[in-house]
Structures are given as C-alpha cells and as structure tokens.
Amino acid sequence: MALDEITISRAIIETYTRKLLDCLELDVAVCGAGPSGMVAAYYLARAGKKTAVFERKLSVGGGMWGGGMMFNEIVIQEEAKEILDELGVRTREYEPGYYTADSVEAVCTIGSKACLAGARFFNLVSVEDVMIRENRVTGLVINWSAVDTSGLHVDPLTVRTNYVVESTGHPVEVMQVIQRKIDALLNTPSGSLEGEKSMWAEKAEISTLENTREAFPGVYVCGMSANATFGSFRMGPIFGGMLMSGRKVASSIIEKLG
Ligand code: 48F
C-alpha cells in the first residue's frame, strides 16, 4: 500500500481536533497526570464519567518514574496493595506490610488502564487559570505548555467542567491560582493555602487521605496537592497514599455527580 504523508497529517489533525472538541464540556477535568491524578481518572472513567486529564509534560507519571532518588522502585503499604492488584501492577513483599513495585511498570500500567477505561489524556497542555461563576470553579483555562516555556503572548482556550481534580502535586498550581485571583476563602482552616510540611511518612500517608476533599467549590484536591493545601507533611517515595487519594477523590465526585 502506498503511504501518503498528507493523509497521515490529516489523520492526526482531524482525530486530535475531534478529541479536543469532545472534551470542551466535561464531567471531570483532572489537572496533572501524576499517580494520584491518573488513578482518579481511571476510577472516574470506569464509572462512566466524562473525564479528561491535562498534563504539562510530554510524559505522564509525574514523580513516580524516578522511585526514590532515581532508584526506580516504589514502596506501597498493605492498605494500597489492592489498587495495584486491581490495575494489574505486580508487587513484591519486602517485609510484612511493605511492598515494592517497578516504577516504570506502575506508571505505564496505570496510564494504560486509565486510557482503556475511557479517560482522555492531553499531554503537553498546561492549566494556567480557572473559569469562575458565582464563587464556583466551572472550568479550566488551558494552553500549550510550549507557549508558557517560550514566553509567547498567546491567549488560551477554555474547557467547561462540573468538577476539577487538582492533582498538580507539590506546587499545588490550580489552588495557587484560585488563591491569587479569586477574592474568596478556601475551605482550609485559615482560608488560605496552609503549605506543605517536611518529611513524616506515617502521618503524611494518613493525612493525604483525610485531606482529599473539596478545597474550593468545584475543586477537589488529591495526592500531594491535598497535603500542600491543608498543611500536612510530605511522605517521599511511598506511594500508597497517592493511589488511595486518587481512588477517594474519584468516589467522592462520582457520588456528587450521581
Ligand atoms: O507530582 P506528581 O507526581 O503528583 P502526585 O500525584 O504524586 C506525588 C508523588 O509523585 C511524589 C510524592 C509522594 O509519593 O511526594 O512526589 O501528587 O504529579 C503532578 C503532575 O502534575 C503536572 C506535573 O507535570 C506532574 O506530572 N502539573 C503540574 N502543574 C500543572 C501540571 C499544570 N498547571 N497543568 C498541567 N499539569
């Protein structure tokens, strides 16, 4: 069969455009494709919710690829093992209660399962702002990451969504924008971002789950963003809290959406 470069180009442009157009109105927009965001997207899409994930970088996976200090193994605790079992990521028991998984296998498998469940991924796209109506976030303002990195003055586009999952990790970027631009209190004790604290894995893993909730009308925080929003510790390369947080945020939103 003869191959035509123009057909290849048209296939990419038309298919991508259709995918993006279909995601202009969403049930849930996930900001950041780290482990918590990808797990959230998997459960949301599996429940039939129209879900898109916007990820600034070329690759999904956030901080999971590098395990701990580039030793590409992750640790998860007993309580989170069932999530990796369900997703098909293989684990090995290291000591009672501690399991390891290959971080590359974990990222690839979780990402694949989220796609197959129906979540749409838009890598190379950054969330730079939110859309607001009467003190509720109703959408995301997105732009090519390349526009941001090259410092070009190009206006963004907007997607409407019922709920936003803020899973941008340590920099908690979406909540930062809300705090900076919207003259309203956040659902935190001080009404502002409480900020991330130093390393304390045991406390952090518990608080990640507790902090996985609505931090501003329409915006749920999960993963490391949850602890940065509500003022808790970091946990380093134990990833059970990230996975459980992704599952919890999905079930909270599924319940709200009905
Ligand atoms: O940082 P990240 O992996 O977030 P997470 O799901 O997991 C945290 C762990 O990796 C680790 C840890 C616990 O074990 O402490 O750090 O909470 O992934 C966040 C993703 O969001 C993207 C970023 O590139 C990364 O892939 N991101 C950040 N800001 C934006 C964004 C933005 N404004 N728009 C789009 N993507």
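User: OK, strands here are DSSP runs (E, at least two residues), numbered from the N terminus. So which element gives the most to the lining of the largest pocket?
Analyst: Strand 7, with three residues. Keep in mind that this is a predicted model.

User: Which other elements supply at least two residues of that lining?
Analyst: Besides strand 7, you have helix 2, strand 2 and helix 6 (173–181).

User: What's the volume of the largest pocket?
Analyst: About 710 Å³. It has 36 lining residues, and those closest to its centre are Gly62, Gly63, Thr168, Gly169 and His170.

User: And how do the lining residues divide into nonpolar, polar and charged?
Analyst: The lining of the largest pocket has 16 nonpolar, 15 polar and five charged residues.

User: Switching to the ligand. Where does it sit?
Analyst: In that largest pocket. Helix 2 (35–46), strand 2 (51–55) and strand 7 (125–133) are the elements giving two or more residues to the shell around the ligand.

User: Which of those gives the most to the shell?
Analyst: Strand 7 again, with three residues in the shell around the ligand.

User: Which residues come nearest to the ligand?
Analyst: There are 26 around it, and Ser36, Glu55, Gly63, Glu173 and Met224 come nearest. By type, the shell has ten nonpolar, twelve polar and four charged residues.

User: What does the side chain of glutamate 55 do there?
Analyst: One of its N or O atoms lies 2.7 Å from an oxygen atom of the ligand.

User: And glycine 63, which part of it lies 2.8 Å from a ligand oxygen?
Analyst: That's a backbone N or O atom of glycine 63. Glycine 236 also has a polar backbone atom 2.9 Å from an oxygen atom of the ligand.

User: How much of the ligand's accessible area does the protein cover?
Analyst: The ligand has 730 Å² of accessible area on its own, and the protein covers 93% of that.

Note on methods: Residues are numbered from 1 along each chain as its sequence is written. This is a predicted model: local features need pLDDT of at least 70, side-chain atom pairs count only at pLDDT 80 or more; totals for chains, interfaces and linings use all residues. Side-chain values use heavy atoms; hydrogens and water are left out. A residue is near a molecule or strand if one of its heavy atoms lies within 4 Å of it. A polar contact is a pair of N or O atoms within 3.5 Å; within protein, one must be able to donate a hydrogen and the other to accept it, and residues adjacent in sequence count only if both atoms are side-chain atoms. Accessible areas come from the Shrake-Rupley method with a 1.4 Å probe; for residues, only the protein chains shown count as cover. On a 1 Å grid over the protein atoms alone, a cavity is a set of points where a 1.4 Å probe fits but cannot get out, and a pocket is an open set with protein on both sides within 12 Å along at least five of seven lines; lining residues have an atom within 4 Å of a point. A molecule sits in a cavity or pocket if more than half of its atoms lie within 2 Å of its grid points. Helices (H or I, at least four residues) and strands (E, at least two) are DSSP runs, numbered from the N terminus. Ala, Val, Leu, Ile, Met, Phe, Trp, Tyr, Cys and Pro count as nonpolar, Asp, Glu, Lys and Arg as charged, and the others, Gly among them, as polar. Grid points are joined across faces, edges and corners, and a volume is the space filled by probe spheres set on the points.
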